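Me: I've got a structure to go through with you. Can we take it piece by piece?

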Amino acid sequence: MTAEHAPRILYQVKQVELAVRGRLDAVVRPHGITVTQYTALTVLEQHPGMSSAQLARHAFVSAQAMEGIVRALAEAGLIERARDADNRRRMTISLTRAGTALLAACRDDVDRIEAEAFAGLSSVERSALGRWLQDARRALEKSPPLTD
């Protein structure tokens, strides 16, 4: 296949995302959460004390969608909200023990999905792929979206 007929990298990235999402759904659904809720929990694991708006940006959903996600996760006892000590108008979100336990219960299966997806890569290649993907995301975040 020539370069001009090869699938676009963006298309290939989307194919991987859809395949991963399907596998993740099978892992997290038995725990009573969605893939988007799982993503929000993993973001909070890495960055406790975020606002809902910050969490929305990191979880790749709109602020309106995050409002429903936060409500569902709070009702399930997986997260807790508290007033920010530095800014009383701001609410922060953190994992509860139940949220941390749920992530721990999913970890082996999620690790297995990642290992299967990237089994053909060495550890050096995996690190490089991670850097390239982060670089691509940052480049897109810095440039304004295209308009008609």
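This is a predicted model: local features need pLDDT of at least 70, side-chain atom pairs count only at pLDDT 80 or more; totals for chains, interfaces and linings use all residues.

Me: Good. Which residues of H4 are exposed, then?
Reply: Gln64, Glu67 and Glu75. They sit on the other side of H4 from the buried residues.

Me: And which ones are buried in H4?
Reply: Met66, Ile69, Val70 and Leu73 are buried. These four cover an arc of only 100° around the axis, which puts them on the same side of H4.

Me: What covers the buried residues of H4?
Reply: The cover includes two helices, H2 (35-46) and H3 (52-59). It also includes two strands, S1 (79-83) and S2 (91-95).

Me: How many residues does H4 have, and how far does it reach?
Reply: H4 runs over residues 63-75, so to speak 13 residues. From first C-alpha to last it reaches 18 Å, close to the 18 Å expected at 1.5 Å a residue.

Me: What follows H4?
Reply: Gly77 does, with a positive phi near 75°.

Me: Switching to charges. How many salt bridges does a search of the whole structure find?
Reply: It finds 8.

Me: Which residue does Arg71 meet in a salt bridge?
Reply: Glu67, at 3.4 Å from N to O. Arg71 is partly exposed, at 41% relative accessible area, whereas Glu67 is exposed.

Me: Which residue does Arg107 pair with?
Reply: Arg107 forms a salt bridge with Glu45. The closest N and O atoms are 2.7 Å apart.

Me: Where do those two lie?
Reply: Arg107 lies in helix H5 (residues 97-117) and Glu45 in helix H2. So the pair ties together parts that are 62 residues apart in sequence.

Me: What's the relative accessibility of each?
Reply: Arg107 is at 33%, which counts as partly exposed. Glu45 is partly exposed too, with 30%.

Me: Give me another one. What is the N to O distance for Asp25 and Arg29?
Reply: Their side chains meet in a salt bridge at 2.5 Å. Asp25 is partly exposed, with a relative accessible area of 26%. Arg29 is exposed, with 52%.

Me: Why does 52% put Arg29 in the exposed class?
Reply: Because exposed means over 50%, and Arg29 has a relative accessible area of 52%.

Me: On to pockets. What volume does the largest pocket have?
Reply: About 2400 Å³. Its lining is made of 42 residues.

Me: Which of them lie nearest the centre?
Reply: Glu17, Val20, Phe60, Leu133 and Arg137.

Me: Which helices each supply at least two residues of that lining?
Reply: H1 (9-28), H2, H3, H5 and H6 (123-142).

Me: Last topic is Arg23. Where is its place?
Reply: Arg23 is in helix H1. It counts as partly exposed, at 41% relative accessibility.

Me: What is Arg23 in contact with, leaving aside its neighbours within four places in sequence?
Reply: Ile113 and Glu116.

Me: And how far apart are Arg23 and Asp109?
Reply: In sequence, 86 residues. In space, 9.4 Å from C-alpha to C-alpha.

How values were computed: Residues are numbered from 1 along each chain as its sequence is written. Side-chain values use heavy atoms; hydrogens and water are left out. The expected span of a helix is 1.5 Å times one less than its number of residues. Buried means under 20% relative accessible area, exposed over 50%, partly exposed in between (1.4 Å probe, protein chains only). The arc is that of the directions from the helix axis to the C-beta atoms. Contact means heavy atoms within 4.5 Å. A salt bridge is a side-chain nitrogen of Lys or Arg within 4 Å of a carboxyl oxygen of Asp or Glu. On a 1 Å grid over the protein atoms alone, a cavity is a set of points where a 1.4 Å probe fits but cannot get out, and a pocket is an open set with protein on both sides within 12 Å along at least five of seven lines; lining residues have an atom within 4 Å of a point. Grid points are joined across faces, edges and corners, and a volume is the space filled by probe spheres set on the points.
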